[in-house]
Each structure stands twice: as C-alpha cells, then as structure tokens.
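Thanks for coming. I will go through one structure today, starting with a turn and ending with the aromatic rings.

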Amino acid sequence: IETYNFEAVDGNGVEIYAQISKKGGLLVEFNYFKDCSVDKIDQAAAREIAENFLKKVGYDNLKAVWTTGGGNVITINFASLVNGVICYPDLIKVNVCRERGVVSGLEASSYIYNHHLREVETASISLATAKKKADSEISVETSRLAIIPIGQSAEKLAYEFYGKAEDGYYYIYVCAKTGKELDIFKVVETTEGVLLS
C-alpha cells in the first residue's frame, strides 16, 4: 500500500503517527503513543469510542467481532458487514486507551488489501444442516453466516458456530455450499485477554 506518512506532536508533547493511503485517502495505520495506566472505561464504552472514530475517518458498515484487553488498552477487531454477513478478510484493529477514553491505535491493512464490493452467494445448505456438523463437536450457542479467508487469496461463505466443548469454547466454520468443515479455532483466555488459536 502506497501511503503518505505523518509524524506530529500534540499540545502535551505526545507523539502521533499516521499513514494515509495514496489511493482512496484511507487511514491505514495510526498510533498515539501516550501510556495508559488506569482503567476508567469498560469494554462497551471502548467499543462505542472505536465505532465513532471509525465513522469519523471514513470506515462504515463494520461490526465488532471480538475484543481483547491487554492491561489498560482494549483492542477491538472490526469486520465489514455485507447484507448481514460478516466479512472476516476485511479486518480493522482499533486500540482504545481505557484511561483517556481515546483511540490510541488503528491497523487497517487487511481491510484495505481485501475489501471490495461483494455479492454474497446464497447458501446451498441450510443452517440446520450445517449445525448438525458443528453439534457433533461443540454445544452450539450462537451461529451466523460469514465470509472467511481461505489461504492467501480465496474466500468462502461459511456458517460460523460458537459453542462449548469439554475443554473450552470453540469457533467452527462449515462451508455453506458443501457442508464441509473449513476451520476450527479454540478460544484461549490469557492474562492479555481472549485470543483465538
């Protein structure tokens, strides 16, 4: 991505760094380097701050898909939403400082590389049929349609299932065309928050 790179210092001497894409003028990366040392806001407030920031810098039709909290900074991952379908290749990560209640970082290269106008295919199998596949491995709690990346350049429409197995929580992705299991991720809780492995 060709970018214009900007470095600045705010009125309090805090360094700010930003990359703006030459094509489209999109914010690719942003860092506001002041330390965050106190927790003053919760995840819901942080998500609202991140959503408002994204709208201000020109990103819309996004949905928060997961959140991790590493100390006093919350990282919220957003993906684009097309006709109610989550598009995971189009990810934007936003960091919110829990002390100051401001966005302290953004990374949008995945979104810029992958985002394009999509016509979401129609699923060939029903949710109930796909759920039978997931039910054999987890106790399903939530489900939805999603577009997921396959390798470096392909995408597939899948049913996303989230639920619990004996050893923890999982996300399972079942192809909405064939019913084949495409991917599975275990949710791992760490001192830095919740991660997918």
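Which residue in the turn between β5 and β6 has a positive phi? N83 does, at about 50°, in a hairpin where two residues lie between β5 and β6.

Before going on, a word on what you are looking at. This is a predicted model, in which local features need pLDDT of at least 70, side-chain atom pairs count only at pLDDT 80 or more, and totals for chains, interfaces and linings use all residues. Residues are numbered from 1 along each chain as its sequence is written, and side-chain values use heavy atoms, with hydrogens and water left out.

Helices (H or I, at least four residues) and strands (E, at least two) are DSSP runs, numbered from the N terminus. Two strands pair if DSSP finds at least two bridges between them. Strand β5 covers residues 73-82 and strand β6 residues 85-97; the two run antiparallel, joined by 10 bridges. V73 faces C97 of β6 as its opposite residue. Of the 10 residues in β5, eight are buried; buried means under 20% relative accessible area, exposed over 50%, and partly exposed in between, with a 1.4 Å probe and protein chains only.

There is another hairpin, made by β1 and β2. Five residues lie between these strands, and G13 in the turn has a positive phi of about 80°. Strand β1 (residues 3-9) and strand β2 (residues 15-21) are antiparallel and share seven bridges. V9 is placed opposite E15 in β2.

Next, helix α1. Which residues of α1 are buried? They are A46, A50, F53 and L54. These residues cover an arc of only 100° around the axis, so they are on the same side of α1; the arc is that of the directions from the helix axis to the C-beta atoms. K55 and K56, on the other side, are exposed. Just after α1, G58 has a positive phi of about 100°.

Now the rings. A pair of aromatic rings is described by the distance of the centres and the angle of the planes. Rings of Phe, Tyr and Trp (its six-membered ring) pair if their centres lie within 6.5 Å; planes under 30 degrees apart count as stacked, over 60 as edge-to-face and the rest as tilted. The whole structure holds eight aromatic pairs. One of them is Y59 with Y111, edge-to-face at 5.1 Å centre to centre and 85° between the planes. Y59 is in the loop between α1 and β4, and Y111 is in helix α2, so this pair ties together parts 52 residues apart in sequence. Y59 is buried at 1% relative accessible area, and Y111 is buried at 8%.

Y173 and F185 have ring centres 6.1 Å apart and planes at 80°, so they too are edge-to-face. Y173 belongs to strand β10 and F185 to strand β11, 12 residues apart. Y173 is buried, at 5%, while F185 is partly exposed, at 28%.

Last, charges over rings: NZ of Lys or CZ of Arg within 6 Å of the ring centre and within 35 degrees of the ring normal. K22 has its charged end over the ring of Y4, 5.4 Å from the centre. R100 sits over the face of Y32, 4.9 Å from the ring centre.
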